[in-house]
Amino acid sequence: MRVLTRSLEVWRLGVLNYLEALKLQEKLVTDRKSGKITDTLLSLQHPPTYTLGKRQTVHNLLVSESQLKSMGAELHYTQRGGDITYHGPHQAILYPIISLRDIGFGARKYVETLELTMIELASLHGVKAHAGESGETGVWVGERKIGAIGVRISSGITSHGVAFNIDPDLSYFEHIVPCGIADKEVTSLKREVDSDLPAEELIHEQLISCFVRLFGYNNVIWKDNPSLCDQQS
């Protein structure tokens, strides 16, 4: 029986400014819609950055923009779903640019599979995580949020994605109502495990591996720091 080949390009981009990542995603979404590229997964980290979803719930930002600048953090408005969130060093971010039609996923199954991707990563380190209650997107350990989800789907093509807290400075979350859910803590893998974590690069690879398996890709092409200038031209 012939096995259908499902290919995914994985781009390991290191630390990338949020606006650069946003511009790159927009270009790749256009290319994916036109069939110029295959499904693509961006793996990266951002400098300290706060982002708002398309509902622009600024009231969940608890400090002024001038205070953010003094902290060395940026604020950006996006067209993804979800509420305000924080991105920063020691956080694993995945931005899938994939065709839901090609893999036969609806929006709900897509988000649920993203949640499972982070749940499986946590379980590899002995942490029991779970999806949120109704209206609470993302992944939780008890009442503490360890992974955030904010996606955009345009003509069946995805962008934005997930952010999993490996060991970020959690004090940055004190300046927002994370994902618009009050009275809930934010946690990290480092805080939840009893032993030392492996190298962050390995944890990023584990997250990618969970994604690849759960979304059913059997041909993975790896690219380390591909030329962003070429892609954005």
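Trainee: Where does His 160 lie?
Mentor: His 160 lies in strand E10. Helices (H or I, at least four residues) and strands (E, at least two) are DSSP runs, numbered from the N terminus.

Trainee: Before I go on, what kind of model is this?
Mentor: It is a predicted model, in which local features need pLDDT of at least 70 and side-chain atom pairs count only at pLDDT 80 or more, while totals for chains, interfaces and linings use all residues. Residues are numbered from 1 along each chain as its sequence is written, and side-chain values use heavy atoms, with hydrogens and water left out.

Trainee: Back to His 160. Buried or exposed?
Mentor: His 160 is buried, because its relative accessible area is 4%. Buried means under 20% relative accessible area, exposed over 50%, and partly exposed in between (1.4 Å probe, protein chains only).

Trainee: And what is the phi of His 160?
Mentor: Phi is near 55° for His 160, a positive value in a residue other than glycine. Most residues other than glycine have a negative phi.

Trainee: What about Ser 155, where is that found?
Mentor: Ser 155 is in the loop between E9 and E10. Ser 155 also has a positive phi, near 55°, and is not a glycine. Ser 155 counts as partly exposed because its relative accessibility is 48%.

Trainee: How do E9 and E10 pair?
Mentor: E9 and E10 (residues 157-165) are antiparallel, with eight bridges. Two strands pair if DSSP finds at least two bridges between them. Ile 157 in E10 is the bridge partner of Ser 154. The two strands make a hairpin with two residues between them, and Ser 155 sits in that turn.

Trainee: Which way do E8 and E9 run?
Mentor: Strand E8 (residues 139-141) and strand E9 (residues 144-154) run antiparallel, joined by three bridges. Trp 140 has Lys 145 of E9 as its bridge partner. This hairpin has two residues between the strands, and Gly 142 takes a positive phi near 65° there.

Trainee: And E11, in what sense does that pair with E9?
Mentor: E9 and strand E11 (residues 185-186) pair in the parallel sense, over two bridges. Lys 145 comes up again here, with Val 186 in E11 as bridge partner.

Trainee: Different strand now. Which residues point which way from E3?
Mentor: In strand E3 (residues 49-52), Thr 49 and Thr 51 point one way, Tyr 50 and Leu 52 point the other, and all are buried. In a regular strand the side chains alternate between the two faces of the sheet. E3 runs antiparallel to strand E5 (residues 85-87), with three bridges joining them. Thr 51 has Thr 85 in E5 as its bridge partner.

Trainee: Helices next. How far apart are the end C-alpha atoms of H1?
Mentor: They are 22 Å apart, which agrees with the 22 Å that the 16 residues of helix H1 (residues 18-33) should span at 1.5 Å a residue. The expected span is 1.5 Å times one less than the number of residues in the helix.

Trainee: What caps the N-terminal end of H1?
Mentor: Asn 17 does, with a side-chain oxygen 2.8 Å from the backbone nitrogen of Leu 19. The buried residues of H1 include Tyr 18, Leu 22, Leu 28 and Arg 32. After H1 comes Gly 35, with a positive phi near 80°.

Trainee: What about H6, which glycine follows that one?
Mentor: Gly 216 follows H6, and its phi is positive, near 80°. The 15 residues of H6 should span 21 Å at 1.5 Å a residue, and the end C-alpha atoms are 21 Å apart, which agrees. Among the buried residues in H6 are Ile 203, Leu 207, Ile 208 and Phe 211.

Trainee: Which side chain does His 204 contact?
Mentor: The side chain of His 204 makes a polar contact with that of Gln 45, at 3.5 Å. A polar contact is a pair of N or O atoms within 3.5 Å; within protein, one must be able to donate a hydrogen and the other to accept it, and residues adjacent in sequence count only if both atoms are side-chain atoms. His 204 is in helix H6, and it counts as buried because its relative accessibility is 10%.

Trainee: Last one. Where is Leu 189 found?
Mentor: Leu 189 is in helix H5 (residues 189-192). Leu 189 is buried, with a relative accessible area of 0%. The C-alpha atoms of Leu 189 and His 125 are separated by 8.1 Å, although the two are 64 residues apart along the chain.
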